[in-house]
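Please prepare a short briefing on the fold, the nonpolar cores and selected residues of this predicted model.

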Amino acid sequence: MPVFTPLQISKLIGLAQKNRIAPVYLFIGPEHICKEKAKEIFNVLKEKKAISETYDLKEKEDKKEFLNIKGYQEGLFGTKKVFFVLGAENLSEKKGEEIVESCKKSTLFTWFFIAETFPEEHPLYKFALEKGAVIPFYTKRKEDFLESELIGTLKQHGKVMDRNTAQLFISLVGEDYNHFKNELEKLVFYVEDKHTITQEDVLSVVVPLESALLYLLGDYIFTETPEKCYHLLQNLLDNKVEPPLILGYLYRFFKRIQIFQEVLKKYPELEKE
């Protein structure tokens, strides 16, 4: 298997469901994101009654125990075994070579490695590139990853949304991946058989993070109609956002505008910038 992009995770899941399982899956990037995406494949193997073990190589005791395991010996008993390894950037080349040799001797076990970074010259990387799957989550901006994840998920469900709607959704859910995933699943369920998701759909069901709330309210006050502002506020109340929280954000927002106006009066040259 070659290098796979995050959008191709669904392909790897489909292959696993058909028992076309790689000996090594190497996820490279932010741990919390890689961990969630790896579990989508990992759970397929667990459903097939595979035995699993998890290690975090950032933890001293876990690392010590991990150095003593011999996956290929345990796999000889006929039961599929899956190892889920976090902090794989701490994996030595020597241990990597040992794992590669074990993969060549038996197909009864599979390794999932989650690493913040991983050198291409590492024996395990070379083996994953040739016989397994390398899934890098490299991106200059987190928003780029969330946008690609959004597109991929919508495609899986036969849905589409225009760029403005996508930007609205991402601005609402912020950079918290778990919140992003939960709200996207809720949105897809909400629209049911509808093909195109609109901004109205997003505003009707998505609950914004608190960090996005002030920006959203302020933006709507100056750019949208009173009806849309009312609809947004009603949605926030329906989703159990407390009125004092909303009022507090609005107060701070207008207070900042007042302070900004006072600064402009004191330094009028800034208005030309």
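The protein contains 13 helices and five strands, where helices (H or I, at least four residues) and strands (E, at least two) are DSSP runs numbered from the N terminus. This is a predicted model in which local features need pLDDT of at least 70 and side-chain atom pairs count only at pLDDT 80 or more, while totals for chains, interfaces and linings use all residues. Residues are numbered from 1 along each chain as its sequence is written, and side-chain values use heavy atoms, with hydrogens and water left out.

**Overall burial and contacts**
- Of the 273 residues in the protein, 44% are buried; buried means under 20% relative accessible area, exposed over 50%, and partly exposed in between (1.4 Å probe, protein chains only).
- The protein exposes about 15700 Å², of which carbon and sulfur atoms supply 53%; accessible areas come from the Shrake-Rupley method with a 1.4 Å probe, and for residues only the protein chains shown count as cover.
- Among contacts (heavy atoms within 4.5 Å) with a separation of 6 or more, 76% join residues 24 or more positions apart.

**Nonpolar cores**
- A nonpolar core is a set of buried Ala, Val, Leu, Ile, Met, Phe, Trp, Tyr and Cys residues joined through side-chain atoms within 4.5 Å.
- The largest core has 55 residues, and Tyr25, Phe27, Ile41, Phe112, Ile135, Leu150 and Phe169 touch the most other members.
- Helix H2 (residues 31–47) supplies the largest share of this core, with seven residues.
- Leaving aside residues up to four places away in sequence, Ile41 touches Leu12, Ile13, Ala16, Tyr25, Phe27 and Phe112.
- A second, separate core of 24 residues includes Ala88, Cys103, Ala115 and Phe127.

**Helix H6**
- Pro123, Leu124, Tyr125, Phe127 and Ala128 are the buried residues of helix H6 (residues 123–131).
- These buried residues of H6 pack against strands E1 (24–28), E4 (109–115) and E5 (133–136), and against helix H5 (93–105).

**Asp201 in helix H10**
- Asp201 lies in helix H10 (residues 199–205) and counts as buried because its relative accessible area is 8%.
- Not counting residues up to four places away in sequence, Asp201 touches Leu187, Tyr190, Val191, Lys194 and Thr196.

**Phe222 in helix H11**
- Phe222 belongs to helix H11 (residues 210–223) and is classed as exposed because its relative accessibility is 57%.
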